Amino acid sequence: DIQILLFYYFFFSSRRRHTRCSGVSWARRCVQETAIVQTLGTIQVLLCIALLFCWLIARAPLILSLDQKKFQEKNKELIEKQFYFVDENFDIHKLTFKNVALLARSNEEFFVKLQKKQMQPKILLVLLYYFTIKVLVILKCRDFIYFVCYMAISFLGYTYLPFFYALLLLDLITRIPALKNVTLSVVINYKQIMLTGIFGLLIIYIFAFIGFYFFHEYFLDPNIGYFCNNLSSCIIYTINFGLRASGGISDYVLKMNSDEVVLDLFLIRFFYDIIFYFSVNVMSMNILFGIIIDTFADLRNKRIFITEDKKNKCFVCSIDRVEFDKYPGGLGRHAAEDHNLWNYVYFIASMKFKSSIDYNATESYIDSMIQKRDISWVPLERAICLGENYSGQNLSLIHI
C-alpha cells in the first residue's frame with residue numbers, strides 16, 4: 001500500500017529538516033527524498049479520489065434502496081392511506097406538500113412521473129426535498145465518512161504537512177479483525193467508560209480540595225516548585241501526577257515527620273495518601289480496565305463462535321458437520337452441491353429482475369415469504385442427503 005511506502009521513507013530517511021540537509025551531497029539526497037514523498041503522496045491522493053468515486057458508483061445505489069425500504073416499512077400505514085398509483089394527468093394542486101413528498105420518497109414510479117410534470121414551485125420543492133434526503137443518507141453512511149476522512153488526511157499530508165501521512169497507518173484497524181475488536185472494546189462501552197472517568201475526576205477533585213486546604217505547602221516538585229498555590233492548579237497537577245504515579249499523589253508530595261507536625265494533621269495526611277491510592281489508582285483504574293478487557297473478551301468469544309459455526313455447520317440448514325461426515329463427501333460436498341449459498345442468492349436475485357406476473361407458484365410463495373421476512377421456506381434442519389428419517393432440533397425462531 002501507498003501509506004506503507006510513505007511510512008518506509010519517513011522511517012528510514014536520513015534527512016533531518018534543520019541539521020542534515022547541509023552540504024551538497026545531503027542537499028541532493030534531501031531533494032530526492034522530497035521528490036519520492038511528493039510522488040507517493042500524489043498517487044495516494046489520486047487513489048483516494050478513485051476509491052471514493054468507485055464506492056459511490058457501487059454502493060450508493062444499494063444504500064439508497066435500503067433506506068427507501070426502511071422508510072416504506074416505517075411509514076407503511078401512512079402510505080396505505082395515500083395513492084399507490086397516480087395516472088399521468090394527476091393534479092399536483094390536489095395533494096399537499098407532505099403527501100407529494102411522502103409518495104415521491106416511497107414510490108419510484110410516482111417520482112418519475114413527477115419529474116415529467118411541468119415545473120412548478122411545489123414540484124421544485126419536492127424534488128429539492130427528495131435529493132436533499134438522498135444526499136443526507138449518503139453523508140451519514142459510515143463508509144462514506146471513512147473514505148472522506150481518509151482522502152482529507154491524504155490531501156493534508158500532500159499539501160500541508162507530511163506528518164498526516166502517519167495517520168493513514170490507522171487504516172490497519174479496519175483490515176485486521178483482532179485490531180478492530182480492540183477498538184470496539186472501547187467504542188461499544190464508551191458511556192460506561194465516560195461515566196467511570198467522570199466519577200474518577202470527581203474523586204480527584206475532592207482530594208485536590210482536601211490537599212489544598214490542609215497541606216498545600218507540601219505539594220512541591222523540584223522542577224516546578226510549589227504547584228498547589230491555588231485550587232485550579234492544585235486540581236490540574238493532582239490529576240496529572242496522581243494518575244501517572246504508581247503510588248498515587250503521595251509520590252509528589254513531601255513526606256511528613258510525625259515528630260514535627262501535629263498528630264491530627266499527620267493522621268489526615270496518612271488517610272489522605274491511603275484512600276487516594278485505593279480509590280483512584282486501584283479501584284477506578286481497575287474498573288476502567290475491567291470494562292475494556294471484559295468487552296474485548298466477549299467480542300473475541302463471539303468471533304470464535306462465529307468462526308466455528310461457519311466451519312462446522314451448513315449455512316443454509318444449520319445442521320452440524322457430524323451428521324454429514326457419515327456420508328461420502330461430508331459437509332464440503334453438501335455445502336457445495338446440495339445447499340450452495342450462492343444458488344440461493346442467485347435465485348433471489350433472478351426474482352428481482354423478473355416481473356411478478358411471470359412467477360410460478362413456487363416463486364410467488366417464496367416472494368411472499370421474503371416480503372414478510374419469513375424464512376420458513378428455507379430448509380432449516382432439513383437435508384435430502386440425510387434422508388426423510390432425519391429429525392434435527394427445530395429452530396424456534398422462524399421470523400427475522
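Mentor: Patches here are built from residues with over 30% relative accessible area and no salt bridge, joining like charges within 9 Å and nonpolar side chains (Val, Leu, Ile, Met, Phe, Trp, Tyr) within 5 Å. Areas are Shrake-Rupley with a 1.4 Å probe, with only the protein chains shown as cover for residues; a salt bridge puts a Lys or Arg side-chain nitrogen within 4 Å of an Asp or Glu carboxyl oxygen. It's a predicted model, so local features need pLDDT of at least 70 and side-chain atom pairs 80 or more, while totals for chains, interfaces and linings use all residues. Numbering starts from 1 along each chain as its sequence is written, and side-chain values use heavy atoms, leaving out hydrogens and water.

Now the patch: Leu267, Phe270, Phe271, Ile274, Ile275, Tyr277 and Phe278 make a nonpolar one of about 640 Å². Tyr277 lies in helix H13, residues 263–312 (a DSSP run of H or I, at least four residues). With a relative accessible area of 31%, Tyr277 is partly exposed (buried is under 20%, exposed over 50%, partly exposed in between).

Of its 17 residues, Phe215, Phe219, Ile249, Tyr272 and Phe276 touch the most other members. H11 (190–215), H12 (231–244) and H13 each give two or more residues to this core. Beyond neighbours within four places in sequence, Phe215 contacts (heavy atoms within 4.5 Å) Ile210, Met256, Leu265, Ile268, Arg269 and Tyr272. A second, separate core has 15 residues, including Cys314 and Trp377.

How values were computed
Buried < 20%, exposed > 50% of the residue type's maximum accessible area, 1.4 Å probe, protein only. Core = buried A, V, L, I, M, F, W, Y, C linked by side-chain atoms within 4.5 Å.
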